[in-house]
Structures are given as C-alpha cells and as structure tokens.
Amino acid sequence: MRAVVQRVYDAEVRVDGDVTGHIDRGILVYLGVHCNDTDKDLEYIADKIVNLRIFSDDAGKMNLSLLDVKGDILLVSQFTLYGDARRGRRPSYGDAAGGDKGRDFYDKLISLLRGSGIHVETGCFGADMKVRYTNDGPVTILLDSFKNF
C-alpha cells in the first residue's frame, strides 16, 4: 500500500463540480492499494498516517502528529501510485489492486482512521476527481507498506 501525505492548510475534492470532501488544517492523503496488500499493510499505513510527526510545535520543529493538532484528513483513492513507467512511455498499472479490492481497502482505511478519532472526508472511489489544496510548508511524505522507500 502506498500513500502520499501532504500537510495542508485546506483541501477539497470535487466530482462533477460538486464538493465531495473538504478539510481545513490537516493532511491530504492519496492512497494506492497493491494487488498483494493484506490487512497488515492497511494497519501499517493507518498507524503511520495518524502518528506522523509533521506538524510544528511552538519551537517551529516538526514534532506534532495529526492527533496532537486535532487535524482532519482528506483521503483520495489513486491507483496511479502503482504506475510503473520504467519501460516505454505509457505506465503499466499491473501492481495496482483491482476495483473491488481497492474499494474494500479504501473503505477499511476510512474506518480505521475514523476509529482513531480523526475527522475524515473523502473523494469518490473510482471517479474522475478534481483536487484543490494549499500545501503547508510544503511538506510531502511518501509511505509504502512494503518499505520500498
């Protein structure tokens, strides 16, 4: 499982012109599900997202988590995180989970994050989405449950 985590001042996602999710201070998370992901990968990513210390404390040091600052999450599914562009010019998405598994893991992650007491807004799984955000920092962190990076 892969996630791109961006610290934001605000973020929103639209589908067909309608806002499906909006947050103020918090993190925007793009989520990609791998075809071989298990619940262990899901739990790893959820724990990392909730506990990453990427918010500044009073001394200006990134020392606080999303829980500490009572921030929100905007979670957006993005199978293209498993795009492999090493050969040719058109990425291959063979490692991305199929729609049913992807949706299942996306929904499970939403439940895990909400179960941590965090307010979670979402996009629409599988839809053509327009995402707008104001990156804070900028701070962008890459997570991979297979620990490839």
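The largest pocket holds about 330 Å³ of space. A pocket here is an open set of points on a 1 Å grid over the protein atoms alone, where a 1.4 Å probe fits, with protein on both sides within 12 Å along at least five of seven lines. Points are joined across faces, edges and corners, and the volume is the space filled by probe spheres set on them.

Before going on, this is a predicted model: local features need pLDDT of at least 70, side-chain atom pairs count only at pLDDT 80 or more, and totals for chains, interfaces and linings use all residues. Residues are numbered from 1 along each chain as its sequence is written, and side-chain values use heavy atoms, with hydrogens and water left out.

Back to the pocket. Its lining, meaning residues with an atom within 4 Å of a point, comprises 20 residues, and S77, Q78, F79, G126 and M129 lie nearest the centre. Two or more lining residues come from each of β3 (26-32), β6 (72-77), α3 and β8 (129-144). Helices (H or I, at least four residues) and strands (E, at least two) are DSSP runs, numbered from the N terminus. By class, the lining has eleven nonpolar, eight polar and one charged residues. Nonpolar covers Ala, Val, Leu, Ile, Met, Phe, Trp, Tyr, Cys and Pro; charged is Asp, Glu, Lys and Arg; the others, Gly among them, are polar.

Now the helices. How do α1 and α3 cross? The axes of α1 (residues 39-51) and α3 (residues 99-115), lines fitted to C-alpha atoms over the stretch in contact, come within 10 Å and cross at roughly 45°. On the α1 side the contact (heavy atoms within 4.5 Å) includes D39, L42 and E43, and on the α3 side F105 and K108 are among the residues involved.

Last, the backbone. Most residues other than glycine have a negative phi, and most peptide bonds are trans. K70, in the loop between α2 (66-69) and β6, has a positive phi near 55°. G137 and P138 are joined by a cis peptide bond, and P138 lies in strand β8.

Technical notes: Axes are lines fitted to C-alpha atoms, for helices over the stretch in contact, and angles run from 0 to 180 degrees between N-to-C directions.
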